[in-house]
Amino acid sequence: MKYIKLFEQFVNEENYQSPYIKNEKVTGKVYHVAGEPIKALNTRPMWFALEKEHSDDGWYVNMIENGGANQYSAKIIGKICDVFEDRIQKLFQDNGLDADEWVNEIVGNPSAEIVMGLDGTKLLIKNGFAGAIYSDYDPRDFQEDLDALIIFNAKKSVKSWKLEKIWGNGFRDS
């Protein structure tokens, strides 16, 4: 039955509801991987995996191949939207913007200044959103996509920040 409901959500896009959001809140932990340890969160945007498996088998493994990996978990506070939702698509359209173009910019991992300068980012913030779920490439198979999360101001919206595991700099995960 669970799979039928998920299938119906994707087939009937008019009623699409992200499985990661309930009442504009992210329902579970999110995961961020960095090459260097993060000593303190700042006001810059941050990207997150919405499932530990995506982080473990994707971003974390890829970062190890680059010499070091630090995986963090967190809880997100603040309103979060999914750009696939009809109301968000309409919000972009009503403001003369294309949500797909905004996603294409975000997927390229632009600098913080570019992210915050994008009209789509400004629109979402103006409408009270702390971040957005969008479709990104799957770090386990770059030919596939999966949902990811961008938070616009990590210092304000990321809570319960915790180092999960580390690889490199003399440390190895368990």
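## Salt bridges, ring pairs and a helix face

The structure holds 9 salt bridges, each being a side-chain nitrogen of Lys or Arg within 4 Å of a carboxyl oxygen of Asp or Glu. The model is predicted, so local features need pLDDT of at least 70 and side-chain atom pairs count only at pLDDT 80 or more, while totals for chains, interfaces and linings use all residues. Residues are numbered from 1 along each chain as its sequence is written, and side-chain values use heavy atoms, with hydrogens and water left out.

### Charged pairs

| Pair | Closest N and O atoms |
|---|---|
| Arg140 and Glu53 | 3.2 Å |
| Arg140 and Asp138 | 2.8 Å |

Helices (H or I, at least four residues) and strands (E, at least two) are DSSP runs, numbered from the N terminus. Arg87 is partly exposed at 41% relative accessibility, and Glu24 is partly exposed at 23%. On this scale, buried means under 20% relative accessible area, exposed means over 50%, and partly exposed falls in between (1.4 Å probe, protein chains only). Arg87 and Glu24 also belong to a salt-bridge network with Lys79 and Glu85.

Arg140, in the loop between E7 and E8, and Glu53, in helix H2, are 87 residues apart. Arg140 is partly exposed, with a relative accessible area of 35%, and Glu53 is partly exposed at 46%. Asp138, the other partner of Arg140, is buried, with a relative accessible area of 8%.

### Aromatic rings

Now for the rings: there are 5 aromatic pairs. Rings of Phe, Tyr and Trp (its six-membered ring) pair if their centres lie within 6.5 Å; planes under 30 degrees apart count as stacked, over 60 as edge-to-face and the rest as tilted. With ring centres 5.6 Å apart and planes at 65 degrees, Trp59 and Tyr137 are edge-to-face. Trp59 sits in helix H2 (residues 52-65) and Tyr137 in strand E7, 78 residues apart. Ring pairs also bring Phe142 into a cluster with Trp59 and Tyr137.

Trp102 and Phe152 form another edge-to-face pair, 6.5 Å centre to centre with 70 degrees between the planes. Trp102 belongs to helix H4 and Phe152 to the loop between strand E8 (141-151) and helix H7 (154-157), so the pair ties together parts 50 residues apart in sequence. Both Trp102 and Phe152 are buried.

Charges meet rings too. The charged end of Lys79 sits over the ring of Phe129, 4.6 Å from its centre, and the charged end of Lys165 sits over the ring of Tyr60, 4.6 Å from its centre. Sitting over a ring requires NZ of Lys or CZ of Arg within 6 Å of the ring centre and within 35 degrees of the ring normal.

### The buried face of H6

Helix H6 spans residues 119-126, and Gly120, Thr121, Leu123 and Leu124 in it are buried. Viewed down the axis of H6, these residues fall within an arc of 160 degrees, so they line one face of the helix; the arc is taken from the directions from the helix axis to the C-beta atoms. They pack against strand E6 (79-82), helices H3 (86-94), H4 (99-107) and H5 (112-117), and strand E7 (129-138), where contact means heavy atoms within 4.5 Å. After H6 comes Gly128, whose phi is positive, near 85 degrees.
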